[in-house]
Amino acid sequence: MEITLLGTGSPIPDPNRAGAATLVRSGDTLLLVDAGRGVIQRLVAAGVFPGMLGAVLITHLHSDHITDLNDVITTRWIMSPQPNPLTIYGPVGMAKVVDGIMMMLGSDINYRLDHHGDLNEGPAVVVVEVSPSDVFTVGEVSVRVGATDHRPCGPTVGFRIEGADATVVMGGDGIPCDTLDELCAGADGYVQTVLRDDLVKLIPMPRLQDILDYHSTVEQAAQTAARAGVGTLVLTHYVPGIGPGQEDDWRALAAAHFSGEIILGDDLTSVNITNS
Ligand SMILES: [Zn+2]
Ligand SMILES: [Zn+2]
């Protein structure tokens, strides 16, 4: 199973890091997990057009994880020669968000339907709202849903993706919790969004200090990985962004708590994870 960090950035604008999005490739099945800022450009850089996606999985409805979902919907629609329904799995509230996106796109959809004689219908989108312990199948992978703790944002979910050669958990945003531990237990890989509390604490802005409450630190992600016995820890969504030459510092903070493989880096960093 190949994991590609499409966007390693956070809500803080960064010229080199796109927003939260990760590509999961298992055999012929392609999943997009979250759809933050710049997702289409990074997806294409990874060799994938939106029409090729088996499904989109959304961990939660914070804007930095869904802001370019509209672009995924539109680009898949206008680039597919035949109707190509897109299934979006997300927590309760997902349908309302997608309804809003479709309303926002209403004028554009009408322009294109009027203009292109071969387009007979607007974007086909199927929304499946999921809850903890739900299981669903996309292509050749099975996905189990688990609760995460990103309060006061909620409900939020993580996904345990089981393919032929590996099982990988997408933890999304949030702090350590029992249900995340359970979701991660024995997985080959675990992808977690993280922040550096030691650096964030240096920035005297109340709004930035608030985020310390509901994001895993690098150390906490490593501790979750260790408790769950996962093989590879993949860190993303860096707050603040990792500066030049700082990757080793981040890796060392995780390595103090977790002895497995640790992956982090720039957008399009990719790792192949197999049964360990
Ligand atoms: Zn969030
Ligand atoms: Zn986020």
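Which residue in E5 is the bridge partner of Leu 57? Select Leu 57 and then Tyr 89, for Tyr 89 in E5 is that bridge partner, and keep the pair in view while the tour sets out where these strands lie.

**Before you start**

The model is predicted, and local features are described here only at pLDDT of at least 70, side-chain atom pairs count only at pLDDT 80 or more, while totals for chains, interfaces and linings use all residues. Residues are numbered from 1 along each chain as its sequence is written, and chains are lettered from A and ligands numbered from 1 in the order in which they are written.

**The whole chain**

Show the chain as a cartoon, and you will find ten helices and 14 strands; helices (H or I, at least four residues) and strands (E, at least two) are DSSP runs, numbered from the N terminus. The radius of gyration is 18 Å, close to the 19 Å that the globule rule gives for 276 residues, so the chain is as compact as a globular protein of that length; the radius is taken over C-alpha atoms, and the rule is 2.2 Å times the number of residues to the power 0.38. Along its principal axes the C-alpha trace spans about 60 × 45 × 30 Å. Buried residues make up 45% of the 276 residues, where a residue is buried if 20 or more other C-beta atoms lie within 10 Å of its own, exposed if 12 or fewer, and partly exposed in between, with C-beta atoms placed from the backbone.

**The sheet from E6 to E14**

Now select the seven strands that form an open sheet in the order E6-E5-E4-E3-E2-E1-E14, with mixed pairing; two strands pair if DSSP finds at least two bridges between them. At the edges are strand E6 (125-130) and strand E14 (270-272), each of which pairs on one side only, and the twist averages 20° from one strand to the next.

Return to the opening pair by selecting strand E4 (residues 55-57) and strand E5 (residues 86-91), which run parallel and are joined by two bridges; here Val 56 stands opposite Ile 88 in E5. On the other pairing to visit, E5 and E6 are parallel over six bridges, and Pro 91 has Val 130 in E6 as its bridge partner. Five of the six residues of E5 are buried, so that strand is mostly covered.

Zoom in on strand E7 (residues 135-138) and strand E8 (residues 141-147), which run antiparallel and are joined by four bridges, with Val 141 in E8 as the bridge partner of Val 138. Two residues lie between the strands of this hairpin, where Gly 139 takes a positive phi near 55°. Further along, strand E10 (residues 167-170) pairs with E11 in the parallel sense over three bridges, and Met 170 stands opposite Val 191 in E11.

In H9, Val 218, Ala 221, Ala 222, Thr 224 and Ala 225 are buried. Seen down the axis of H9, these buried residues fall within an arc of 160°, so they line one face of the helix; the arc is that of the directions from the helix axis to the C-beta atoms.

In H10, colour Trp 250, Leu 253 and Ala 254, which are buried. They cover an arc of only 95° around the axis, which puts them on the same side of H10, whereas Asp 248 and Ala 252, on the other side, are exposed.

**The nonpolar core**

Finally, look inside, where the largest nonpolar core has 73 residues, and Leu 32, Val 56, Val 168, Leu 233 and Ala 254 touch the most other members; such a core is a set of buried Ala, Val, Leu, Ile, Met, Phe, Trp, Tyr and Cys residues joined through C-beta atoms within 7 Å. Strand E12 (residues 232-239) gives the most to this core, with five residues.

Terms used:
Axes are lines fitted to C-alpha atoms, for helices over the stretch in contact, and angles run from 0 to 180 degrees between N-to-C directions.
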